[in-house]
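Please read the points below alongside the coordinates.

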Amino acid sequence: MKNKSLNGVFGLVAVTTFAIGTVSVWAETAPKPAKLVVNDESEMVTEVKPAEGISHLATAYDGWRFRASETQAVQSDDFENPGMIFVEQALDNWNKVDGTEGKSCASCHGAPEESMVGVRASYPKWDETMGKVATIEMEINNCRTTRMGAEPWKYTGGEMTTMNALISVQSRGMPVNVAIDGPAQSAWEHGKEMYYTRTGELELSCASCHEQHYGDKIRAETLSQGQINGFPSYRLKNGKLNSIHARFKGCVRDTRAETYKPGSQDFVDLELYVASRGNGLSVSGPSVRN
């Protein structure tokens, strides 16, 4: 049966037992039924059946389903959601002229609510010009350097993450639909391999927590499936918006492994695979998490 408590997972004995895979048989536990409706008008899809071959999950659940009712309520109302403050800040950068070409984001794209609808739902995706799988962050910096003549933003910096949030809001409620075939397939396969490979002193993989033990407790926290449809995510823990790669970096660090650099192809490939695990869930960022 699936362990119902991992409170001692970071103790030596518990870690050793968990890492070597002593718990080899586990039962899938669904979170309590809940309906995420933002602003009393936009209902989000919070559970779907993954496509065959993408993961071992019978059902994919939005991370919102694993949060306490108080945290859920904050995300359900844009006036309460602190992540929306950063979305408003990003709108200033959207309209700000920057770089040698005298352009802003609005110069080419107009209003974000018109030009960015559906963008977040399809990323990461294969970019023909770059010749590789690209993330939204990579596309933003490509626009800044090649079209605006501006300096690139730090991959996990505040300006980048808030702009990502502004773009994400335009797709809120739309189903994640990340393509994993064609030229993107090899990157997806690599990302999948990374997801299931145990690393670090604790010999943990992404699947160790987010597939085999979601719904269980690590100390006071409930493990989710690690779905990323709600990113960027405002974390109560650090009081700011957090990007996908910043969260990846934190997870790898927690396994006591040498982590990858945000924006590296390794993390891009991992993002592609993790995003595909949530295909069909609604884009719901900026989410609110502990």
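The numbered points that follow take these topics in turn.

1. Basis of the note. This is a predicted model, in which local features need pLDDT of at least 70 and side-chain atom pairs count only at pLDDT 80 or more, while totals for chains, interfaces and linings use all residues. Residues are numbered from 1 along each chain as its sequence is written, and side-chain values use heavy atoms, with hydrogens and water left out.

2. The largest pocket. Its volume is about 1300 Å³, where a volume is the space filled by probe spheres set on grid points joined across faces, edges and corners. A pocket is here an open set of points, on a 1 Å grid over the protein atoms alone, where a 1.4 Å probe fits and protein lies on both sides within 12 Å along at least five of seven lines; lining residues have an atom within 4 Å of a point. The largest pocket is lined by 48 residues, and those nearest its centre are His 210, Leu 223, Arg 247, Cys 251 and Asp 254.

3. Composition of the lining. Elements giving two or more residues to the lining of the largest pocket include α9 (185-196), α11 (244-254), α12 (265-277) and β11 (287-289), helices being DSSP runs of H or I with at least four residues and strands runs of E with at least two, numbered from the N terminus. The largest share, seven residues, comes from α11. The lining divides into 20 nonpolar, 17 polar and eleven charged residues.

4. The nonpolar cores. The largest nonpolar core has 27 residues, and among those with the most contacts inside it are Val 133, Tyr 195, Phe 248 and Val 274; such a core is a set of buried Ala, Val, Leu, Ile, Met, Phe, Trp, Tyr and Cys residues joined through side-chain atoms within 4.5 Å. Two or more residues come from each of β6 (132-134), α9, α11 and α12, with α12 giving the most, seven residues. Apart from this core lies another, of 19 residues, including Val 87, Ile 136, Met 160 and Leu 166. Leaving aside neighbours within four places in sequence, Val 274 is in contact (heavy atoms within 4.5 Å) with Tyr 195, Gly 226, Gln 227, Ile 228 and Phe 248.

5. Salt bridges. The count comes to six, a salt bridge being a side-chain nitrogen of Lys or Arg within 4 Å of a carboxyl oxygen of Asp or Glu. Arg 65 pairs in this way with Glu 47, the closest N and O atoms being 2.9 Å apart. Arg 65 lies in the loop between β4 (60-61) and α2 (69-75) and Glu 47 in strand β3 (residues 47-48), so the pair ties together parts that are 18 residues apart in sequence. Arg 65 is buried at 6% relative accessibility, whereas Glu 47 is partly exposed at 40%; buried means under 20% relative accessible area, exposed over 50%, and partly exposed in between (1.4 Å probe, protein chains only).

6. A link between distant parts. Asp 62 forms a salt bridge with Arg 289, the closest N and O atoms being 3.2 Å apart, and this pair joins the loop between β4 and α2 to strand β11, 227 residues apart. Asp 62 is buried, with a relative accessible area of 0%, and Arg 289 is buried at 16%.

7. Tyr 260. Which part of the chain holds Tyr 260? Tyr 260 lies in the loop between α11 and α12 and is partly exposed, with a relative accessible area of 33%. Not counting residues up to four places away in sequence, Tyr 260 touches Met 194, Asp 266 and Phe 267.

Definitions and conventions:
Ala, Val, Leu, Ile, Met, Phe, Trp, Tyr, Cys and Pro count as nonpolar, Asp, Glu, Lys and Arg as charged, and the others, Gly among them, as polar.
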